[in-house]
Amino acid sequence: MLNVPPQAFPAPSSQQRAAAGGRAKSLDQRGSQSMVMLKRKVLDTLKILHCQSGRPMAITSLVPLKPGRSLMDWIRLTKSGKDMTGLKGRLIEVTEDELAKHNKKEDCWICIRGFVYNVTPYMEYHPGGEDELMKAAGTDGTDLFDQVHRWVNYESMLKECLVGRMAVKPIAAPKEITSVCEEKKQLNGMLPEKKVLSGASKDLTPSYDWFQTDSLITIVIYTKQKDMNAELVILDHEDKRLRGEIIVDDYSYLLEVDLDHAVEEDMAVNIAEKVGKVEIILKKKDNVHWKILGQPLESHNTFMKRTDRGLFYRKCKLVLKTEVTHDTKLFCLLLPESTHLRVPTGQHVYLKQIIAGTEVVKPYTPVLPFLPLDFKEPSCHDSAHIYLMIKIYSCGLFTQALDHLQIGDCISVSNPEGSFKKSQVQTSEDLFLLAAGTGFTPMVKLLNFALTEVSCLRTVKLIFFNRTEDDILWRNQLEQLALKDQRFEIQFILSQPKKDWVGKQGMISSSLLSEFVKRSRKDSKVLICICGPTPFTEQGVQYLKDLGYSQEEVHPFTA
Ligand SMILES: Cc1cc2nc3c(=O)[nH]c(=O)nc-3n(C[C@H](O)[C@H](O)[C@H](O)COP(=O)(O)OP(=O)(O)OC[C@H]3O[C@@H](n4cnc5c(N)ncnc54)[C@H](O)[C@@H]3O)c2cc1C
Ligand code: HEM
């Protein structure tokens, strides 16, 4: 299956959408509504691609929001003191029967994770459109919501719309699949959690142990995963609270403890890759003997689907902001010393800011500080910083707030997410990267990884679509890289070039792709990665299919 997440980028009314052909223009005119029903749309597209009808792709018709219905307008309305639930602030217990009665546009309640919201006033403000929201009317919409945008911060956005809790157990409660092996009470003094181990996942379930010296606490996690690496270990501790998440395929194991005593901020993480052992070494603040590791917190020692685990955020400091082009900036964020986090190639993080008192979340794909030209050292970049290349929209709510951050200010950054797997590149001989605008961001780490660590690659070609020359990100660096490494080739394609542009001109099209995407040998193993606004990605995927590339050979980047 092609793995297509919910939302594509660049953002809705980005200039970069011009690169996506005629249909993109019509979507463009709808402003941010071109984001609407993205996941569905791309999923629909792929369904169509899967069926062998050969008919052109269907594009879902998008409903633009009325003027005065932006997120900022919604935030203002929620702060206006208006009774949003019709219950004058009273919270009630809602039965399933009661919930089901509120299933009309003019009276619509939705349950998410056991809490019921009156979304009637939000209807006209929902960027996904009223019809999408109505799909969950009068029901438990948790699964639907999670399928489309589990990262959207509905709790904060709908705070004033809260009707109350479901009186019965919610249908779509988080799907915890298993817990851990028997805990060693004598070692850590914690009570084992009484959770059922499912046969299938039992073998995969990590376990942990701990020991101490006078000055150190060492926690050892046995992941049972042979190819363990630093990207699969995410650790945070603040005060006495320790959170360690281990990624095992599509699952997540969590160690979450209120430590018995205080520890220093810095810590060490050792990974025995082949045996899958992770050691977390904490420095005791006081030279005392710990009787127990600490008190287990709510999700301690659980093993569940990654997508069922809530997003975790830590505060990162903005340490540098530099201009990349006239509207795009490179932000450098410093992770806390007490965090161990590496964003894997092809994955994104979510940034969270409080805007006018409401939490707002948006996804961004980390890049490198620059394109390394010397490919001797694998992963030579540092791990304490996260670099983000972000286009600032003059009317964009989130990016404007971001641009107003001062050096030294903090912003919340989530754990990484995304479906791209490096193994997709590791077996390829030809790699083609199709990017439009800030759709370039996932290609940065991918390029570095491919040229540094994948020896079987014969050709790496980036086909970079932009509107004008001024919009091209890191043009010089890309050109230098092409000079330096013979395997790498760059092709810029502009949709609205100035008269003096001698390069290629046009939008993504079948003929353009057939010109630039060619196997170096008849039977070469090829991977084509594509990232840009939804219409660009959709069309690209379709053209590639028409050109005879299989699903396994094409990876579209979306959220
Ligand atoms: C997986 C993923 C990774 C991403 N990575 C990156 C990245 O690395 N870099 C990057 O720059 N972006 C990235 N994006 C896009 C990013 O998440 C945001 O969508 C983008 O930054 C816009 O945010 P904003 O809130 O400032 O803009 P918005 O407020 O969403 O506005 C965007 C534009 O639409 C216009 N607009 C807003 N509302 C309306 C309306 N009702 N009618 C008409 N026009 C309207 C605004 O004027 C503005 O021009 C990524 C997206 C995804 C899904
Ligand atoms: C449960 C039923 C729901 C469905 C089927 C649904 C569907 C969608 C779809 C298809 C989109 C556009 C694609 C995307 O941007 O990911 C969207 C966007 C959005 N939805 Fe929903 N939605 C639902 C509920 C909600 C609720 C309850 C909220 C409450 C806050 C919400 C907030 C948003 C926001 C903020 C966006 C824009 C995301 C962005 O691009 O920044 N949705 N929704």
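**Entry 1: I92**

I began with I92, which has 13 C-beta neighbours inside 10 Å and therefore counts as partly exposed. I was working throughout on a predicted model, and I kept that in mind for every value below. I92 sits in strand β1, which covers residues 92-94. Setting aside its neighbours within four places in sequence, I found I92 in contact with L87, V163 and G164.

**Entry 2: A272**

Is A272 buried or partly exposed? I noted 13 C-beta neighbours inside 10 Å for A272, so A272 counts as partly exposed. A272 belongs to strand β12, residues 263-272, and its C-alpha lies 9.9 Å from that of A230, a residue 42 places away in sequence.

**Entry 3: the chain as a whole**

I then stepped back to the chain, which holds 15 helices and 29 strands. Of its 559 residues, 42% count as buried. When I looked at contacts between residues at least 6 apart in sequence, 74% of them turned out to join residues at least 24 apart.

**Entry 4: the parallel sheet**

I traced an open sheet of six strands with parallel pairing, in the order β27-β26-β25-β24-β28-β29. Its edge strands are β27 (504-505) and β29 (554-556), each of which pairs on one side only. Helix α12, residues 441-453, packs on this sheet and touches β24, β25, β26 (488-494) and β28 (526-531), while its direction makes about 165 degrees with that of β25. Within the sheet, I found seven bridges between β24 (residues 430-436) and β25 (residues 459-466), paired in the parallel sense, and I noted K461 in β25 as the bridge partner of F432. I also recorded helix α13, residues 475-484, which lies across β25 and β26 and runs at about 145 degrees to β26.

**Entry 5: the largest nonpolar core**

Which residues have the most contacts inside the largest nonpolar core? The core has 67 residues, and those with the most contacts inside it are L433, A435, M443 and I528. I noted that this core draws at least three residues from each of domain 1 (15-61 + 419-556) and domain 4 (313-414). Taking L433 by itself, and not counting residues up to four places away in sequence, I listed its contacts as M443, L446, K461, L462, I463 and C529.

**Entry 6: strand β22**

I next asked how β22, residues 385-391, is placed, and found that six of its seven residues are buried, so the strand is largely enclosed by the rest of the structure. Strand β17, residues 328-334, runs antiparallel to β22 and is joined to it by seven bridges, with F331 standing opposite L388. Strand β21, residues 366-367, also runs antiparallel to β22, here with two bridges, and the bridge partner of V367 in β22 is Y387.

**Entry 7: helix α15**

Last, I examined helix α15, residues 534-546, whose 13 residues reach 18 Å from first C-alpha to last, close to the 18 Å expected at 1.5 Å a residue. Why is α15 described as largely enclosed by the rest of the structure? It is because 11 of its 13 residues are buried, among them P535, F536, V541, Y543 and L544, and also E538 and K545. After α15 comes G548, and I noted that its phi is positive, near 100 degrees.

Definitions and conventions. Residues numbered from 1 in each chain as written. Chains lettered and ligands numbered in written order. Predicted model: local features only at pLDDT ≥ 70, side-chain atom pairs only at ≥ 80, totals over all residues. Helix = DSSP H or I, 4+ residues; strand = E, 2+ residues; numbered from the N terminus. Buried ≥ 20, exposed ≤ 12 C-beta atoms within 10 Å, placed from the backbone. Contact = placed C-beta atoms within 7 Å. Core = buried A, V, L, I, M, F, W, Y, C linked by C-beta atoms within 7 Å. Domains from an automatic or database assignment. Pairing = 2+ DSSP bridges. Axes fitted to C-alpha atoms, helices over the stretch in contact; angles between N-to-C directions. Expected span 1.5 Å × (residues − 1).
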